Amino acid sequence: MPVVNTFQEAIDATSNKDRSLLIGNGFSSQYFTYRTLLEKTDLDEDEPLRRLFDSFGTVDFEAVIRALEEAAQVEDAYENEAQANQFRSDADRLREQLVGAIRTIHPAHREDIEPHFESSRAFLKNFATYFTLNYDLLLYWIQLDTKGYTDGFGLGIEAGGFRGPFKPGAYCNTYNLHGGLHLFLDEIGDVQKRLMGHTGIIDAIAQSITQQKRLPLYVAEGTWQAKLKKINSIAYLRHCLDKLRASGGNVFICGHSAAENDSHIYTSLFSSNIEHLYFGVYKPSEDRLKGIDSELAKYQKLGAKGIPYSFYDAESANVWGA
């Protein structure tokens, strides 16, 4: 059975060395758990709208909404007005379902989790660079109004409730590898950040979805191949993954399982220039450790650099306090 150190032991072992952090869904599990936003909709399994997701082999709302709107254009050309209107109505319903799913899974306001910020800030201070696989707002909220964090939107212009575009040359130490609920593409494909409105960021995001018909940029595909295809299609996401591939120093992973559907992440890590990978394991049983160890060993071998890795007890990091 692999050795499992405490988080502090791993930190002590990397004293005076560069550290980066990669977080997954486990980072957010104190407040909610989810696999996809589609799970949290009110769509019945046997209704056409829900079956469309299965037909396209996706959980991406944008892909299905775009298909419905394109189908409406076809029906218009054939003068099938009733069917065209049905497709447009279904597209609007999907936007409303997306908003409902976001409201279901996500804390409404930053203040809802603020009592736990002290411990989470103490955890984050151990690192200089941050990569996240999550599209929720928890990391964003923790970093907000705290010195030392920047996301590359600082050189952008604020207009219409957004700040942007993201500029690769701007100072940035936080990378949203799979997008985020607060990130949106503009009409030319640049990424903008949604700003908080008078009633909070979740309401602002909901308004952008339902009224402006803009969808958040997030990677929801089920396989690593589909995720990588989506990432490669968007300059901002490619930039974030390139930064991960260029990592050096020590990388700590928190709240992830080394799952097969994120192979693109581990292939990038074990092909990078990092010195050591520290993997956080929640409740490290023998079976769980053996499974993760086997996965990491596979990527280590494929990476050809023999980057060493070890384990720490994720609970000992005390991310959200007692």
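Me: At what distance from the ring centre does R214 lie over the face of F162?

Reply: This is a predicted model, with residues numbered from 1 along each chain as its sequence is written, local features needing pLDDT of at least 70, side-chain atom pairs counting only at pLDDT 80 or more, and totals for chains, interfaces and linings using all residues. Side-chain values use heavy atoms, with hydrogens and water left out. A charge sits over a ring if NZ of Lys or CZ of Arg is within 6 Å of the ring centre and within 35 degrees of the ring normal. For R214 over F162 the distance from the ring centre is 4.3 Å.

Me: Which ring does the charged end of R194 sit over?

Reply: The charged end of R194 is 4.9 Å from the centre of the ring in question. That ring belongs to F162.

Me: Why is the pair of F53 and F61 classed as it is?

Reply: Rings of Phe, Tyr and Trp (its six-membered ring) pair if their centres lie within 6.5 Å; planes under 30 degrees apart count as stacked, over 60 as edge-to-face and the rest as tilted. By this rule there are 23 aromatic pairs. The centres of F53 and F61 are 5.3 Å apart and their planes stand at 70°, so the pair is edge-to-face.

Me: Is R95 buried or exposed?

Reply: Buried means under 20% relative accessible area, exposed over 50%, partly exposed in between (1.4 Å probe, protein chains only). Because its relative accessibility is 4%, R95 counts as buried.
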